[in-house]
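This report is meant for a reader who is meeting the structure for the first time. It moves from the sheet to the chain as a whole, and then to a single residue.

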Amino acid sequence: MWMPPGQNQSWVSEFILLGFSSDPTTNRILFSVFLLLYLSSVLGNGLIITLIYLDMHLHTPMYFFLCILSLLDMSYVTTTVPQMLVHLLSRSQTISFAGCWLQMYMFGAMGLTECILFVVMAFDRYVAICYPLRYTVILNWGLCTQLSAGTWACGFFVSFIHTFFTMRLPYCGPNMVNHYCCEGPSVRSLACMDTHVIEMVDSVISVLMVVAPLSLILASYIRIAQAILKIKSMQARCKAFSTCASHLTVITFFYAPATYLYMRPNSSYSPEQDKHVSLFYNVFTALLNPVVYSLRNKDMKRAFLKVMGR
């Protein structure tokens, strides 16, 4: 609960994001690298959205969810990278309390929504492979819209709970965040009161948003593998496995660092290492998605060539 500040205490009105380096030369190099990664991620995911929108053959549930994933990735990197680029070239690395609140909320909302979306995408593959003749009947556009709206609503709601409990803590001491953005544990470590209850809330959220989705994804792919192994045609079997390979690759690169960051004991918290791991699943995963889905997907290649030929 909130406690009134003492006579010699004052509430923090802004935070200082320490980022990766204080050396100007290093920061200029990092600026060039991260700018290239950011532009590549936004353009790559934007291209996927554009191709799916323009090609009628891609108007299926699978590509509908892929379009949402690309939109999420674009939003995910945009919540953190533009400000990080500004801080790399600026002498001031401050962010207001309200700005930190908003960034933490949006960063969490996009990440949590993506966690749930991967479950929906696994369900899509399960229906497509296990019930191919009823695929469009089961996953009709009404259900697809409901699943999409549900993932967004759940992600934004759970992120609000996390952000509310973290940012209502009293911050009356140091205001230097050892991170490139306002990430929950990094900011929470600066609170001037015991954070045990908040850590328990975050642990419950982590179980619900990491362990539960992973369990559902694993269950889906066990059923998918069983169905594929029953296919007699080797060519059809390979095609079925190929349609799942891209999804599994992206899931692995997203959930591996997320599990490391949010499912370990708080005693093993390491700010320097954590911000590098966070950068990987925030920036590099968003860049990886369009690469994986475009290089391994014949439909996307065909749509790209069709659009370029116009």
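## The sheet

How many bridges join strand E1 to E2? Three bridges join strand E1, which covers residues 14–17, to E2, and the two run antiparallel; strands here are DSSP runs of at least two residues marked E, helices are runs of at least four residues marked H or I, and both are numbered from the N terminus. Two strands are taken to pair if DSSP finds at least two bridges between them. Across this pairing, Phe-15 stands opposite Ile-95 in E2.

The open sheet has three strands in the order E2-E1-E3, and its pairing is mixed. Strand E2 (94–96) and strand E3 (176–177) are at the edges and have a single partner strand each, so one side of each has no neighbour in the sheet. In general, the strands of a sheet pair through backbone hydrogen bonds, either parallel or antiparallel.

## Basis of the model

The model is predicted, so local features need pLDDT of at least 70 and side-chain atom pairs count only at pLDDT 80 or more, while totals for chains, interfaces and linings use all residues. Residues are numbered from 1 along each chain as its sequence is written, and side-chain values use heavy atoms, with hydrogens and water left out.

## The chain as a whole

The protein chain has 11 helices and three strands, which follow one another along the sequence in the pattern β-α-α-α-β-α-α-α-β-α-α-α-α-α. Along its principal axes, the C-alpha trace spans about 75 × 40 × 30 Å.

Of the 310 residues in the protein chain, 45% are buried, where buried means under 20% relative accessible area, exposed means over 50%, and partly exposed lies in between, with a 1.4 Å probe and protein chains only. Among contacts with a separation of 6 or more, 80% are between residues 24 or more positions apart, a contact being heavy atoms within 4.5 Å.

## A residue in helix H2

Ile-68 is located in helix H2, which covers residues 61–78. Is Ile-68 buried or exposed? Ile-68 counts as buried because its relative accessibility is 9%.

When neighbours within four places in sequence are left aside, Ile-68 is in contact with Leu-117, Ser-148 and Trp-152. Ile-68 and Asn-45 are separated by 23 residues in sequence, and their C-alpha atoms are 9.9 Å apart in space.
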